[in-house]
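Good morning, and thank you for making time for this item.

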Amino acid sequence: MSLGGVITNVDLAILVYFLGLNSFYALLLLLSIPEIWEQTRLAEDDDFQRLMQSDALPPITMLVPAYNESATIEASVTAMLTLEYRSYEVVVVNDGSKDDTIDQLRHAFDLYEVPRIYPETITTQPLRAVYRSRTRSRLLVLDKENGGKADSLNAAINASRFPLVIAVDADTLIEPDALLRLTRPFLLGRKIAAVGGTVRVANNCTVKDGRVTDARVPQRLIPGVQVVEYLRAFLFGRLGWNRLGGNLVISGAFGLFRKDYIAAIGGYRTTSIVEDLDLVVRLHRYLRAQKIRYEMPFIPDPVAWTEVPESGKILARQRERWHRGLISAMWEYKGMLFNPRYGRVGMLSMPFFAFGEMLAPLVEVFGWVVTVIGLSAGKLNTSFALLFVLVAWGYGMLLSIWAVVLEEVSFRRYRRFGDLLLLLLYASLENFGYRQRTVWWRLKAFVTVWKRRQVWGEMTRKGFAKPPS
Amino acid sequence: MTSSQFLFVVAIVQGVLLAALIILIILNRWFRLRRSARLNPRRVAVDDAMRRWAAGATPLAGVLVGLSRLPVPLAIDALVGWSARVPGERWRELASTLEHQWWARLVRANSSSARWWKRLECARFLSVGAMPGDVARLVRLVNDPHAAVHVAAVASLERMESTPLTLAALERLPQLAPTVQAYYASMLRRSRPVVIQHLLKRLRRMDDPALPRFAEFAVRLAEPALRERMTALADHTDPEVRIQAARALGSFPHRESVTALTRLAADTAWAVRAQAARSLGMIADATTLPLVRGMVRDPAWWVRLRAGLALMRFGAAGRNALLETEVGADPDARDVAKLILGLPAQALAEFAA
């Protein structure tokens, strides 16, 4: 076959790939419409006030792993201890921090050491001490040797008393009624194995006493574009998956799980790079294999706020790690791929994540390379190639703006008109430079996996405002 | 059509869609601002009218006019919000007058709508505005397949005494998920006489698969009339039923309860033993102190914790027993004693709940 023939065929294959992928995104987009409509209606139901007065709500343990979180730990834990929920406890795990996280906790909450009375159901790194607070009866603090986030979550699960556990990052700010809202699917009588809430970007928001009091869109491009990315991922990606019944991601920063199911699969895997994705895939595998009826929905109205990277360097590390985690999970659980035993998860979610998410950067870069070769060899029509790029960018923009539409017609967290315009601006700019950089970072993940390195990126945080003493 | 022409058409369609979406976003914001500017004064007017009427300062007519000027969902929100603040007799007067309002008639007609959100609207309205004539509607809504609808409908039991409605809710109770059961139970508690009569019958059916759920409900009621039945259930073969029996008996300080709990304290299932320890602590019969003290050395940590907490309820004798355990030979029991003796009063109460 001639060079021209090869290029044409490769381009055709790439075109078909993107057509298939984008059609699937379009499907998610369409499915997110009735879903957000239903969820908004349920979220507006005032019966929650009634529920708060009843003893129907299930007790919850919040699992809070903390590693070098000295800057934010006091504000975050204070906010977690004052949520509008009747029965819950907070288990903070200091994962051998190198900074003074444990001293901050000890001082802020008047901790005293207690013996460990519960068994080690899931094996973890050794505990140094267990603390309770003299001032906050709901707080339990574990101090342990460093073992990573998954290990800390397992230690917290061991110490938890309640049947539902929620994994929350120590730097995450949870809205006061978020727990209450997160339990809605349980109240609606569904067979819930796990439920995820929305994570939003806290950069540039006004934070008072560990609470976001004024939601703002960041002025800087990198965190600003991430606001749009988060909206897209949560408001139409996961809502669309709700209708397809195969959510593969419950955010590690804010997800509620049934403890007995987590215990049954041996807790979080300490060797996984992205522990939340790994846990959810294993839960699907276990529940399907046991023929247990279950749902893992995402509901949009419970909100947690998190600080996202502001510098390209840190963002690069984060994205590279996320993608490495995706590659690792897809490889680890390849047996589920196109396996009808796992229902929609095996036949739909896994293939989508493997071919649509994991391979997308490879295909995209390959497409660019072939196009450049084709153009320089005069085998491709320049106007066609430019038109194709324009359509691809336009489609990306359309998806991002659609996420802004969903936000506008449902929850409208950004009240100022200026913020709305900023969102639209970032949704438009995302495809010019930012997206290409993320493709590059994700591509680097393949190289890292190839070299078999598993290094966590470090996240530098500025910290939110401290609560008044 | 060539592929370039096709892409050109796609690009144009995308451009139009993008422009349409941006216009939609801006129009939506503008429309919402206008809407809230229009509706907020009406909402405030309803609140004012309701406040004055609740205080007996003005007649009901002002409230009715205000409600009719609001969109139906907002009117229902206002009613649900005010229902808890207005005394029962006055509220019944409002509910009875609302029966003849055109918009309330429309809402009632939605009880058999094919759309779940319409039925939800109806259920929410009836949860605060139901009249005796609505019982059939409410029974239908309590049996609705959509959870949000039947959860809203069952709230009507807070204000209405109706045997068919109570029985419909009670019969639905065992089929529901635990959280929803707990919510139903909190609503059914208000219709105590009917519920207890029916429950006594259901608790006699020893092979009923719904028995654990009814027993769990009986625990929530803590009704002395159920003591005898719950004591009998302490010997049931299903551990789930024994757990509920052990939990219930703590509310009945009676000789027979103590005997049954002593038996349950040696049960093979740790969850039953844990509940028995808790209930023995609630009754705090001095003769059971050695038994509870021994349970602090149970192989299951939950039982040890429950027994330790129970000892704190035995007063000075229990505390002394814990102090002795704290320096005793059993390391697990020592740890439990040390933990409990160090707990502040609030933590102790939360642990014991």
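Let me begin with a convention: a helix axis here is a line fitted to the C-alpha atoms over the stretch in contact, and an angle between axes runs from 0 to 180 degrees between N-to-C directions. Please also keep in mind that what you see is a predicted model.

With that convention, consider two helices of chain B, α18(B) and α20(B), the latter spanning residues 331-342. Their axes come within 9 Å and cross at roughly 45 degrees. The crossing of α18(B) and α20(B) is right-handed. On the α18(B) side the contact is formed by B:Arg304, B:Leu305, B:Gly308, B:Leu309 and B:Met312, and on the α20(B) side by B:Asp332, B:Ala333, B:Val336, B:Ala337 and B:Ile340.

B:Arg304 belongs to helix α18 of chain B, residues 301-312. Is B:Arg304 buried or exposed? There are 27 other C-beta atoms within 10 Å of B:Arg304, and the threshold for burial is 20 or more, so B:Arg304 is buried. Leaving aside neighbours within four places in sequence, B:Arg304 is in contact with B:Val296, B:Asp298, B:Asp332, B:Ala333 and B:Val336, and also with A:Ile117 of chain A.

Helix α3 (residues 72-83) and helix α6 (residues 116-129) of chain B pack at an angle of about 30 degrees, their axes 9 Å apart. Here α3(B) passes α6(B) in a left-handed crossing. The residues in contact are B:Val72, B:Pro73, B:Ile76, B:Leu79, B:Val80 and B:Ser83 from α3(B), with B:Glu121, B:Arg124, B:Phe125, B:Val128 and B:Gly129 from α6(B).

In the other pair, helix α15 (residues 255-264) and helix α16 (residues 270-283) of chain B have axes that come within 8 Å and cross at roughly 145 degrees. The crossing of α15(B) and α16(B) is also left-handed. Among the residues that make this contact are B:Leu261 and B:Leu264 of α15(B) and B:Ala276 and B:Leu280 of α16(B). In the loop between α16 and α17 of chain B lies B:Ala284, which has a positive phi of about 55 degrees although it is not a glycine. B:Ala284 is partly exposed, with 19 other C-beta atoms within 10 Å.

I turn now to the sheet of chain A. In what order do the 10 strands of this open sheet stand? The order is β3-β4-β5-β2-β1-β6-β11-β8-β12-β7, with mixed pairing. At the edges are β3 (111-114) and β7 (173-174) of chain A; each has a single partner strand, so one side of each is left without a neighbour in the sheet.

Further in, strand β1 (residues 60-66) runs parallel to strand β2 (residues 88-95) of chain A, joined by seven bridges, and A:Pro65 stands opposite A:Val93 in β2(A). β1(A) also pairs with β6(A) in the parallel sense, over four bridges, with A:Ile60 opposite A:Leu164. β6(A) in turn runs antiparallel to strand β11 (residues 254-258) of chain A, through five bridges; there, A:Val168 has A:Phe254 as its bridge partner.

Five of the five residues of β6(A) are buried. A:Leu164, A:Ile166 and A:Val168 point one way from the strand, and A:Val165 and A:Ala167 the other way.

Finally, the core and the chain contact. The largest nonpolar core has 229 residues, of which A:Leu63, A:Val64, A:Val91 and B:Ala169 touch the most other members. Helix α14 (residues 382-409) of chain A contributes the largest share of this core, 12 residues. Beyond its sequence neighbours, A:Leu63 touches residues including A:Val91, A:Leu153, A:Ile157 and A:Ile166.

The contact between the chains takes 45 residues from chain A and 44 residues from chain B. α14(A) gives the most to the side of chain A that touches chain B, with 16 residues.

Terms used: Residues numbered from 1 in each chain as written. Chains lettered and ligands numbered in written order. Predicted model: local features only at pLDDT ≥ 70, side-chain atom pairs only at ≥ 80, totals over all residues. Core = buried A, V, L, I, M, F, W, Y, C linked by C-beta atoms within 7 Å. Buried ≥ 20, exposed ≤ 12 C-beta atoms within 10 Å, placed from the backbone. Contact = placed C-beta atoms within 7 Å. Pairing = 2+ DSSP bridges. Left-handed = near helix turned anticlockwise from the far one by under 90°.
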